Amino acid sequence: MIIAPSLLAADFTRLGKEAERAERAGADWLHLDIMDGQFVPNISFGPAVVAAVRPHAKKLFFDVHLMCGKPEILLEPFAQAGADQIIVHVELGEKVPQLLWKIRSLGKKVGLAVNPPTAITAVQPFLGQIDLLLVMTVNPGFGGQGFIHECLPKIQQAAAWRSGNKLSYRLEVDGGINNQTVAECARAGADTFVAGTALFSKRNMGAAVKQMRKMAHDNDPALADLKV
Ligand code: DX5
Ligand code: ZN
């Protein structure tokens, strides 16, 4: 079970220190939300900020979530800035095959995201080419939003396709994740959990990461089967 704090919820006056705090807290990944004000109604930060934060969290896997209308111009700059994985949205339509190929050719892990209103069947053609499937559990663009429970069946379907086709992509959820919703998502089959507000708002981030990981682990269906 992977815990990935989202830097969008961090103190923007000290992003390097906040990345260090996430690493000290025992997080596995750092989730970096890249918003361009066009694909989503908000602007966050770019490759220069990711490059500046990179040396502050050498052990963390950088999970770069591109919510951008023209990701094709951004893949190389984020790869050079220190991304370990780059996620693009399936809503980009006919651009998707080329984008997935390009990320792979840059030597990075390949992620594909799907928004709440989009049918989960939209990602089916690409499941054999990705390392991670991100099922958004809020409409992208802002942190601190409420979890959309209607997304849970999409997680279950994606988990069923994974086991049914002997695939190995990680199943990530993002948006409104806290200790209650992390349990619901784990039971549905998720294994990678992005959380902004629920982690960076905590003074004792280490305890918050530990608790969230325990909630995920205790609700892992694979473990539940072992207990029977
Ligand atoms: C939203 C982003 C999320 C967001 C999560 O578009 O993709 O990563 O930062 O923040 P919380 O956990 O506060 O909902
Ligand atoms: Zn995100």
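The turns below go through charged pairs.

Mentor: This is a predicted model, where local features need pLDDT of at least 70, side-chain atom pairs count only at pLDDT 80 or more, and totals for chains, interfaces and linings use all residues. Residues are numbered from 1 along each chain as its sequence is written, chains are lettered from A and ligands numbered from 1 in the order in which they are written, and side-chain values use heavy atoms, with hydrogens and water left out.

Trainee: How many salt bridges does the structure hold?

Mentor: Side chains of opposite charge can pair when their charged atoms come close. A salt bridge is a side-chain nitrogen of Lys or Arg within 4 Å of a carboxyl oxygen of Asp or Glu. The structure holds 11. One of them joins Glu-20 to Lys-17, at 3.7 Å from N to O. Both residues lie in helix H1 (residues 15-24), 3 residues apart, about one turn of the helix. Helices are DSSP runs of H or I, at least four residues; strands are runs of E, at least two, and both are numbered from the N terminus.

Trainee: Which parts of the chain does the pair Asp-84 and Arg-54 link?

Mentor: Their side chains meet in a salt bridge at 3.1 Å, N to O. The pair links distant parts: Asp-84 sits in the loop between helix H3 (75-81) and strand S4 (85-89), Arg-54 in the loop between helix H2 (47-53) and strand S3 (61-67).

Trainee: Is Arg-54 buried or exposed?

Mentor: Buried means under 20% relative accessible area, exposed over 50%, partly exposed in between (1.4 Å probe, protein chains only). Arg-54 counts as buried, at 17%. Asp-84 is partly exposed, at 25%.
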